[in-house]
Amino acid sequence: MSEKQKNKSLNSLAMKAGIFYIISQLFVRGISFLTAPVFSRLLSKAQYAEFSRYESWLLIFAPIMSLCLWRSVERAKYDVKEKFNEYVSSVQTLSYLSIGVFFLVFWMLRDVVEKVCSMTDFMLIVAFLYTFAHTSIFYMQRREKQMMRYRASTALTACTVIPATLLSVFLVTWGKNHGQDSNLVNLRILGYYTPLIIGGFTVAILMLAQGKRIVSLNYWKYALKFSLPLIPEVLSIQIMNQSDKLMVIAMTGKENGSVIALATQVSYIIWIIEDAVWNAWLPWMYEKISSRDTAGIEESWTVLMHGFGVFSWLLVALAPEIILILGGRKYADAVYLIAPLVTGTLFRFYSYSYTAIQNYYKKTGFVAASTVFAMILNILLNYAGIRLFGYQAAAYTTAFSYLALLIIQAGMEKRLTGKKLIPLKKTLIISCSWFTACTVTMLLFHLPWMIRYLIIAVSLPLILWYFMPKMKMILKCLKK
């Protein structure tokens, strides 16, 4: 097969697999988001904040306890080649050993852990079972993604997230109707995490059967060398994602914490799509870099940056209606947090292209160092901002921290890899433009809703004018 035909085949495979992945992930994961209006009404604001805090701790536990070894899967494909399944199954074992050690330590010190994390024994046991199970799901999703196969991982997500969502709604509704108001948080935890735990352990067994390798010291050494430097990076990102909610609850109370938690649900809309698109796009980019054919990367990434900028702006423009649907009038103050939260998510997405290139060239230690710096900056700014300006400041300080991370990562990309696939100047211009557009749009919230809708209607032709040529190219590829 000629080089041109190989490139065409790669683009076709990436296109088909990526679009299938994006559509299915939007459908499946969107179901979880759609339950937010249900839980915001069934739970009190304090209970809503308590569950949100529990979720935050679980997201912080996973990267530490699994040693972040699943992050090595994407890069390992190019080194272990036909032994890819062996690699995944053996490294999963090492993650399980690590999680087991953490569980023993945490259980012996559970009085301290439960006090710090505000967890009961039941919550702590569920947290560890979920960490085991979700780690296997991480391995499976990254393996399938790098092979550009998305049906299995999508089926797994559907078979766990849909039952989890339905069961949690059922149990909380049952508890509400049977005088179990004090146990609603536990019922939601039981309903949501039980199907995920069952699905995760099933996946663990299947991957062991496919890989037929439980222990491999060579693979463990490879995974540790690649992934250990990334633990601070992944942990820092999770702390940055969750610190605003945790610090607002700790410093100003659960009432304000529930407001920022609900506002975060809106940024979760764009995060779902960004995550789906990125996971579909990354294997294509790695294949292009591997074949030393980087043509088209900058152009396609620019389209993605503007595309998510438009989507972020639309979320801000429709924020009053979205908040009313999600939480009702008691969460009305959340409307002023949407702009900084969604643009912070946008800045994080923009930085992915720089960190991915450094990870490809195994410069993971430098990626971690810059992320830790941004995390420390975020915590300090959160603390100062909340003390001086109130809990709303946490949304803005987090957005600023992600912008700082973007700039640092872009600067290191050229220095460490000698590559400059996405110019920083272009990224900064796009970032600042969409942040300005989103924050200025908040001024319209005091005006009649018809004015906002008129502005959206006038803007749509300009948006279509920019994207239609790009969409025609994509549709032409699909038709072929």
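In this predicted model, the second largest cavity is lined by Glu50, Arg53, Tyr54, Cys117, Ser118 and Met123. The space inside this cavity is about 30 Å³. The cavity count, taken at 30 Å³ or more, comes to 2. Helix H3, which spans residues 45-65, gives the most to the lining of the second largest cavity, with 3 residues. By class, this lining holds 3 nonpolar, 1 polar and 2 charged residues.

Cys117, one of the lining residues, is buried, with a relative accessible area of 7%. That value counts as buried because the cut-off is under 20%. Cys159, in contrast, is exposed, with a relative accessible area of 58%. A disulfide is a covalent bond between the sulfur atoms of two cysteines. The model has a count of 0 disulfides, since a pair of cysteine sulfur atoms must lie within 2.5 Å to be counted.

Helix H4 covers residues 73-80 and is mostly covered. Of its 8 residues, 7 are buried. These are Val73, Glu74, Arg75, Ala76, Lys77, Tyr78 and Val80. After H4 comes Lys81. The phi of Lys81 is positive, near 55°.

Ser89 belongs to helix H5, residues 84-108. Ser89 is buried, with a relative accessible area of 1%. The side chain of Ser89 reaches the backbone oxygen of Arg213 at 2.8 Å. This pair falls under the heading of polar contacts because the limit for N or O atoms is 3.5 Å. Leaving aside residues up to four places away in sequence, Ser89 touches Met207, Leu208, Gly211, Lys212, Arg213 and Ile214.

Three helices each supply at least two residues of the lining: H13 (297-317), H18 (424-441) and H19 (449-479). H19 gives the most, with 6 residues. By class, the lining of the second largest pocket divides into 11 nonpolar and 3 polar residues, with no charged ones. The lining of the second largest cavity, by comparison, includes 2 charged residues.

Note on methods: Residues numbered from 1 in each chain as written. Predicted model: local features only at pLDDT ≥ 70, side-chain atom pairs only at ≥ 80, totals over all residues. Heavy atoms only, no water. Buried < 20%, exposed > 50% of the residue type's maximum accessible area, 1.4 Å probe, protein only. Helix = DSSP H or I, 4+ residues; strand = E, 2+ residues; numbered from the N terminus. 1 Å grid on protein atoms, 1.4 Å probe; cavity = no way out; pocket = protein on both sides within 12 Å on 5 of 7 lines; lining within 4 Å. Points joined across faces, edges and corners; volume = space filled by probe spheres on them. Nonpolar A, V, L, I, M, F, W, Y, C, P; charged D, E, K, R; others polar. Polar contact = N/O pair within 3.5 Å; in protein donor to acceptor, adjacent residues only side chain to side chain. Contact = heavy atoms within 4.5 Å.
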